[in-house]
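Student: I have a model open and some labels to check. Can we go through them one by one?

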Amino acid sequence: MKANVSDNPLIRPLPAMDRARQVTEALAHYVDAAKLKTGDRLPAERELMAALAVGRSTIREAIRHFQALGVIETRKGSGTYLLKPVSKATIHMPLSLDTAHLRDVLLQTLEVRRGIECEAGMVAARRRTARDLVIIEEKLGEMERVHHAKGTSGPEDLAFHMAVYDATHNPLFGQLLEQMREAFERFWTHPFDREDFARRSFPFHRTLFNAIGAQDAEAARVETLKILEVVEEDIKEMSK
């Protein structure tokens, strides 16, 4: 019996797992299966919510991911449009961290973070606009608020660093972060089941902001290194 087309929708409801990642993959599959071309409009947010059985925040996170990669754009009052072809390679760049030991994975990833984030801090200090400073300080303020209330602020910490990346006005920084998000996020999900992981780096986020505000690229590099030095020390101490 020939299968009914309606039995095989391009976008299917998702099981309760990593919803944002699954939505991203589902959208990439949809773009490919529907043969969308540059300039074509993607389904509306409400349509995606219904088709994938997920909430608005999950859809928006997936959309932000594609925006950061520079493959779609959202036009106010019009919709979301494809700027470049999308494939599995676009949404995920596999990382060759072939080790079962969290300590080794974190130390290897930290080496990459050190190079990217020091440079991002320096570039942000040189290029930041007044609007960038407002956004970075908003993210920093939220990080500080949550940190003082809970003693930890992983997601808010990540949002602060992403705002610094945005202030570089070089989309490649954000694209690299998106491609390496899975590895980088290990630093913000309580490694070693310790909520105090890298807590000592908290004050240096404010001094990093001050350096960017003063357009002092060298100071931004130094303050970024202070943050990452604490991270490295905690990886080595907490993994003993």
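Tutor: Each label below is set against its cut-off.

Tutor: This is a predicted model, so local features need pLDDT of at least 70 and side-chain atom pairs pLDDT 80 or more, while totals for chains, interfaces and linings use all residues. Residues are numbered from 1 along each chain as its sequence is written, and side-chain values use heavy atoms, without hydrogens and water.

Student: Why is histidine 161 called buried?

Tutor: Buried means under 20% relative accessible area (exposed is over 50%, partly exposed in between; 1.4 Å probe, protein chains only). Histidine 161 has 7%, so the label buried applies.

Student: What makes the pairing of histidine 161 and histidine 205 a polar contact?

Tutor: A polar contact is a pair of N or O atoms within 3.5 Å; within protein, one must be able to donate a hydrogen and the other to accept it, and residues adjacent in sequence count only if both atoms are side-chain atoms. The side chains of histidine 161 and histidine 205 are joined at 3.3 Å.

Student: Which residues is histidine 161 in contact with, leaving aside neighbours within four places in sequence?

Tutor: Glu117, Trp188, His205 and Ile227. Contact means heavy atoms within 4.5 Å.

Student: How do you know that the span of α11 is close to the expected one?

Tutor: Helices are DSSP runs (H or I, at least four residues), numbered from the N terminus. The expected span is 1.5 Å times one less than the number of residues. Helix α11, residues 217–238, has 22 residues and reaches 32 Å from first C-alpha to last, close to the 32 Å expected.

Student: What covers the buried residues of α11?

Tutor: The cover includes α5, α7 and α10. Histidine 161 is found in α7, and Ile227, one of its contacts, is among the buried residues of α11.

Conventions: Helix = DSSP H or I, 4+ residues; strand = E, 2+ residues; numbered from the N terminus.
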